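This report describes a sheet, a helix and a pair of aromatic rings. Please keep the sequence and the model in view while reading.

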Amino acid sequence: LQAITKKHDCTLLLDIAHDFGCLGETGRGQMEVQGLEDKSNMIIIGAGSKVLATNLGYIATDSPAIIEYLKVFSTAQMFTNAVSPIQAGVGIKTLEIVRSEEGAQIRKVLMETVLYIR
């Protein structure tokens, strides 16, 4: 899909809410599994309610134009659900676990369980 979107000068929107932290050797999800290193034409969105165990949401892009657009036109949504310090701390700690050896072991057991159930 990325090659097609680049060929036609389009943006690829990826929702990684369900695979981030669960798939890939380091937990980066389908982006890692598919080898998507070039993020120049992507908007990446996700929710922290899955792996991060908090109400964080995120949008990431390398495009300065998209970042500026979101700053200008998304202010009503930006301030509707402020993240408390405890939620931010939970998200940070969970990211540390995802990136650790413990996280790798959890992903390994998860994948073994998924394959067993299939």
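## Sheet

I43 has T61 of strand 3 as its bridge partner. The model is predicted, so to speak of local features a pLDDT of at least 70 is needed and side-chain atom pairs count only at pLDDT 80 or more, while totals for chains, interfaces and linings use all residues. Residues are numbered from 1 along each chain as its sequence is written, and side-chain values use heavy atoms, with hydrogens and water left out.

Strand 2 (residues 42–47) and strand 3 run antiparallel and are joined by five bridges. Helices (H or I, at least four residues) and strands (E, at least two) are DSSP runs numbered from the N terminus, and two strands pair if DSSP finds at least two bridges between them. The open sheet has three strands in the order 1-2-3, with mixed pairing. Strand 1 (12–15) and strand 3 (57–61) are at the edges with a single partner strand each, so one side of each has no neighbour in the sheet. From one strand to the next the twist averages 15°, with axes taken as lines fitted to C-alpha atoms, for helices over the stretch in contact, and angles running from 0 to 180 degrees between N-to-C directions.

## Helix 5

Helix 5 (residues 85–99) consists of 15 residues and spans 21 Å from its first C-alpha to its last, close to the expected 21 Å. The expected span is 1.5 Å times one less than the number of residues.

Which residues of helix 5 are buried? They are G91, T94 and V98, where buried means under 20% relative accessible area, exposed over 50% and partly exposed in between (1.4 Å probe, protein chains only). Seen down the helix axis, the buried residues fall within an arc of 70°, so they line one face of helix 5; the arc is that of the directions from the helix axis to the C-beta atoms. These buried residues pack against helix 6 (101–117), with contact meaning heavy atoms within 4.5 Å. The face turned away from the buried side carries the exposed residues P85, I86, I92 and R99.

## Aromatic pair

Rings of Phe, Tyr and Trp (its six-membered ring) pair if their centres lie within 6.5 Å; planes under 30 degrees apart count as stacked, over 60 as edge-to-face and the rest as tilted. By this rule there is one aromatic pair. The ring centres of Y69 and F73 are 4.7 Å apart and the planes are at 35°, so the pair is tilted.

Y69 and F73 lie four residues apart in helix 3 (residues 64–73), about one turn of the helix. Both Y69 and F73 are exposed.
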